[in-house]
Amino acid sequence: YDSSIANTDIAEETISVLSEYILGDITVRYITDRNRQVGLWLYPAHFTLPLSEKRRTLDNEKWARGHLKGRTAIKVEPLVHIKINGDDQPGEFGGGRTMKWSPSNERFHLVEQKIEDDKIVTILEDKSGLRIFHKLEEGTKGILKSETSFVNGSEKAVKLELLTSFSIGGISPYDSSDAGEKILVHRFRTGWSAEGQLVSESIEHLHLERTWAGKTHLSERFGQVGSMPTRGWFPTTLVEDTAAGVTWGARLEAPVSWQMEIGRRHDDIVMSGGIADREFGHWTKTIDTKETFTPPAAWLTCVAGTVDEACERLVSADLQAAEEQPAIEQ
């Protein structure tokens, strides 16, 4: 594989490639750091455009001087975002805007990654015995199924305030810095008799451009609360690198209140989603000792192509279930 970031010092951190797989026509890359944090990148397999070598610091910026010299330009974005009741809020202007990047994420470190029943299983654990299982498997027509499970192996109950079903970082791997004025976010507004109206906005329009100092927790959080899964928005989001011609897409199984987030700390855009968190959906879940909780899954794709092509893949996730309905439903 083209490992442009393997064993490269990023300021005080070392980011390396943990593993890489090809599922269908999608390359799945897991990255890690010296603290055994794990992140997920997706990009089209066999794509002619090479990955860019990501910058390590901000030193190449003309305005980077003084305390900004050597400032980190990229970090491992968590494979699973979690917020445990009692842990601090994310800070760095994230409070009230996102529950991602809280210290809860820093508690979990890589224990093992393995292939089990054709699924890539990544296991994270903290010192008290709490575990996160992330499973990724190939679906049909260029889609991947992402599923997260939380296992309470500690000696006391734990209350969750956030647990994502998926999180994709590294957007975009085709730009060496922050891909300014190249990234579009696509969503679908919906209302009664007004379903599926495409809304396309630039990262700059959403005020998610990289801050001069980095670290600031920026997020566009949206979704719906209640039992109507497509009230206000479809549970689908796409991020497009218009210069590279690559589109990342995600769609949630949404039988309950849900949320999506497009976020940024450093150079890369992060797309994540799952059950609506405590702030957005008034959701908490108490997991007793020895109990396991698995939220609804997500479907992911990455295509060297248009938003329409990515959406065609995501919609195909329904075909098998539709075909299994009774004859009267056909």
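Cys302 counts as buried, at 1% relative accessibility, where buried means under 20% relative accessible area, exposed means over 50% and partly exposed lies in between, computed with a 1.4 Å probe on protein chains only. The model is a predicted one, in which local features need pLDDT of at least 70 and side-chain atom pairs count only at pLDDT 80 or more, while totals for chains, interfaces and linings use all residues. Residues are numbered from 1 along each chain as its sequence is written, and side-chain values use heavy atoms, with hydrogens and water left out.

A disulfide is a covalent bond between the sulfur atoms of two cysteines; here the criterion is a pair of cysteine sulfur atoms within 2.5 Å. The structure holds 0 disulfides. Cys302 takes part in none, its nearest cysteine sulfur being that of Cys311, 14 Å away. Seen from Cys311, the closest cysteine sulfur is in Cys302, and the 14 Å between them is too far for a bond.

| Residue | Relative accessible area |
|---|---|
| Cys302 | 1% |
| Pro295 | 3% |
| Arg265 | 14% |
| Cys311 | 17% |

Pro295 lies in the loop between β20 (292-293) and β21 (298-303), strands being DSSP runs of E with at least two residues, and helices runs of H or I with at least four, numbered from the N terminus. When residues up to four places away in sequence are not counted, Pro295 touches Thr148, Leu163, Ser165 and Ile275, contact meaning heavy atoms within 4.5 Å.

Arg265 sits in another loop, between β17 (258-264) and β18 (269-275). Its side chain makes a polar contact with the side chain of Glu77 at 3.2 Å; such a contact is a pair of N or O atoms within 3.5 Å, of which, within protein, one must be able to donate a hydrogen and the other to accept it, and residues adjacent in sequence count only if both atoms are side-chain atoms. Beyond its neighbours within four places in sequence, the contacts of Arg265 include Trp101, Lys215 and His217.

Strand β15 (residues 236-241) is mostly covered, with 6 of its 6 residues buried. Thr236, Leu238 and Glu240 are buried on one side, and Thr237, Val239 and Asp241 on the other. Strand β15 pairs in the antiparallel sense with β11 (residues 183-190) over 4 bridges, pairing requiring at least two DSSP bridges, and Asp241 is the bridge partner of Ile183. It is also joined by 6 bridges to the antiparallel strand β16 (residues 246-252), where Ala250 stands opposite Thr237.
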